[in-house]
Amino acid sequence: MTCQAYGCSTRSSHGISLHTFPDPAKKKELYQTWMINLNLTPTTFTHNKFKKVCADHFEASCFDGNLMGRLIGFTPRHRRLKSDAVPTLFAYNQGLRDDDSNSQTRKRVLLESKPLMVDVGVQTLPQLQTDTDFGTSMTNHSYLQVPISSTQPLDTAFISSPQKDQDASDASTPTPTSSPEKPDSDLSYVPSDESRDSNQSSSSDSMQHITTEPKVIAFESCLKSLFGRVICTDCGEPIAADASEIIYNGTAMKVKFLCMKGHQTSWESQPLVNNKPAGNLMVATAVILSGETFARLSHFAEILSLKFIGSTQFYSLQKDIAIPAIDRYYTMQRDVILQQLHGKQLILGGDGRCDSPGFSAKYCTYTFMDSATGVIPDFSLVQVSETTSSNKMELIGFQRSLASIEAADLTVGVVVTDRHVQIRKAMATDHSDKKHQFDVWHLSKSIKKKILAIKPKKLLNETHLSWEDCDTMWTPPLSPDDIRKKKWLNQDSQAYAALEKVVTDKLILRDIRQLDLFCHTGALETYHSMMLKYCPKRLEFEYASMVARTQLAVVDNNVNIGRNQKTDANGKLSFATRCPKSTGRWTARKIYEKKDYDFKADILQFAVTSQQEGPKRKTVHQLKSLSLPVNISKDPAPCKEDLIDDHRSRFS
């Protein structure tokens with residue numbers, strides 16, 4: 001099959017997807033638009049299912065987002081067109097189809113220009129439609145292929161049809177409602193309990209996906225100037241600007257208009273999703289997706305006098321909408337990963353990460369990463385109140401996560417960890433069927449630390465060290481000529497004795513046996529560094545929020561595995577130079593391609609979908625948080641007045 005666009009010779013064998021024409025019997029107007037844009041006529045073209053147009057003639061916005069591809073970071077070979085997609089990109093002038101003029105890129109305007117009309121009313125969303133999206137990968141991420149269910153985008157009208165305001169007696173500032181989680185009052189929290197009819201216009205030219213359509217910052221004075229030009233849709237009389245009433249609900253604005261003849265209408269600045277402004281839902285979710293906190297972004301909005309959701313509304317939306325949406329996406333991706341790792345002999349690298357240094361940690365996150373692929377199949381978050389001491393959090397996290405992986409019927413052949421004493425014992429007693437390896441970097445770091453601790457410091461000037469006992473492990477065997485040329489420590493010197501004491505330590509000699517596979521967890525250390533973006537150590541989060549932020553970090557890692565090194569305009573590999581403060585030496589560092597964050601748009605879509613469908617169950621982690629103590633202190637909280645009386649300060 002060949003593309004029907006004039007001058008295009010793309011065939012199905014070229015690896016570019018071909019798309020059929022709309023059915024003229026069911027979608028007559030859309031079919032005629034295709035015919036006009038392709039400059040085809042009924043006399044020269046006969047419709048049938050074998051005549052198609054290639055994907056090169058459609059804009060990126062004409063294709064449905066492939067959720068499977070977002071989960072694992074690949075672009076499928078065959079992309080699905082949206083139901084209202086129209087070809088608009090051509091490498092020639094359609095008007096000169098029969099001429100021999102030079103080719104030029106052109107883009108046909110889809111619809112005729114229409115006069116500006118401003119209506120006011122209430123916006124609602126249509127019902128959702130779901131289908132199944134089967135993705136296939138041709139990249140090195142093919143080990144994660146599996147069909148999953150995806151949700152079609154929500155559409156809404158940017159300018160709604162006019163509607164009478166049924167509640168003319170509403171107060172300009174509704175009474176705020178406090179959240180059970182946050183007792184402080186929040187003047188910006190306005191629950192939407194109004195009942196509205198869904199009379200949205202469903203024309204395809206006025207519908208746009210609310211999570212991806214552009215948003216702007218509009219000044220109130222400019223909006224009032226625009227409102228002064230509004231005309232009543234009932235009688236045609238102008239709106240009385242002085243009689244207009246503005247009500248704010250977080251980031252949303254509702255305006256009640258009154259015309260010269262007393263007709264009352266209303267307009268809202270945001271689409272409503274199940275009677276809640278879509279902007280409020282998206283802002284609350286985007287705060288977590290960006291790795292930021294409510295306090296920082298609220299302060300940012302306060303500086304700009306920008307209307308923003310309050311803390312009560314934020315924490316309510318985070319609990320009911322954002323966290324379940326993140327958990328849903330993470331679970332879908334994890335199911336894909338577990339299915340594709342099934343049947344393989346895995347080498348898992350594990351390491352724990354506490355949310356604060358020393359023995360004051362509240363959480364410990366233990367993560368397992370597949371050494372061959374770099375994907376993270378599982379992690380476990382442990383709160384210190386679940387254990388008798390913070391020293392045991394890493395062991396419990398290790399046991400829970402490894403048990404979860406085994407419950408998924410994965411075959412674990414090798415486990416790579418640091419030299420944690422409790423984990424070493426657990427591997428020897430409970431998991432003797434698996435080979436336990438130590439991370440090479442951790443052991444070398446320990447040896448380096450002991451060498452640098454040698455006193456007096458002048459002994460460290462002897463830099464030519466001999467690893468005779470470990471020669472075959474660390475370097476190839478030295479030839480007689482190499483041995484002759486090298487400088488060796490004098491066996492009777494103090495430096496030799498100090499070095500011998502370090503490298504012949506019984507713990508070093510015992511642990512070095514578990515380095516024969518030369519495994520390391522460097523990628524896991526890099527992941528822990530990236531995890532700071534979502535879970536900074538200097539901030540404290542509730543248990544469910546901490547789990548959700550960790551899930552985001554895992555998804556980020558799994559989607560962006562194997563990024564290629566960036567190239568410049570000349571095709572050369574890009575590098576950056578830097579001089580770390582720790583070493584003081586200049587080094588070159590690779591620059592990689594930008595990360596793919598499209599998965600965040602999918603999670604945002606899940607959040608809007610969840611609100612549209614109504615209340616959902618709490619996640620497993622949210623249910624678990626209900627059984628955990630609110631405070632990690634082992635003592636009950638005393639009376640606040642007694643603490644105030646006992647308060648002492650060195651300044652008073």
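Phenylalanine 58 is buried, with a relative accessible area of 4%; here buried means under 20% relative accessible area, exposed over 50% and partly exposed in between, for a 1.4 Å probe and protein chains only. The model is predicted, so local features need pLDDT of at least 70 and side-chain atom pairs count only at pLDDT 80 or more, while totals for chains, interfaces and linings use all residues. Residues are numbered from 1 along each chain as its sequence is written, and side-chain values use heavy atoms, with hydrogens and water left out.

A pair of aromatic rings is described by the distance of the centres and the angle of the planes. Rings of Phe, Tyr and Trp (its six-membered ring) pair if their centres lie within 6.5 Å; planes under 30 degrees apart count as stacked, over 60 as edge-to-face and the rest as tilted. By this rule there are 19 aromatic pairs. In one of them, tryptophan 34 and phenylalanine 58 are tilted, at 5.4 Å centre to centre and with 55° between the planes. Tryptophan 34 belongs to helix H1 (residues 28-37), and phenylalanine 58 to the loop between strand E2 (52-54) and helix H2 (67-72), so this pair ties together parts that are 24 residues apart in sequence. Helices (H or I, at least four residues) and strands (E, at least two) are DSSP runs, numbered from the N terminus. Tryptophan 34 is also buried, at 2% relative accessibility. Both rings join a cluster in which ring pairs link Phe21, Tyr31, Trp34, Phe45, Phe58 and Phe63. Over the ring of phenylalanine 45 sits the charged end of lysine 51, 4.8 Å from the ring centre; this term requires NZ of Lys or CZ of Arg within 6 Å of the ring centre and within 35 degrees of the ring normal.

Next comes the sheet. Strands E9, E10 and E11 form an open sheet in that order, with antiparallel pairing; two strands pair if DSSP finds at least two bridges between them. Strands E9 (245-249) and E11 (264-268) stand at the edges with a single partner strand each, so one side of each is left without a neighbour in the sheet. Strand E10 (residues 252-258) pairs with E11 over five bridges, and lysine 256 stands opposite serine 266 in E11. The charged end of lysine 307 sits over the ring of tyrosine 248, 4.6 Å from its centre.
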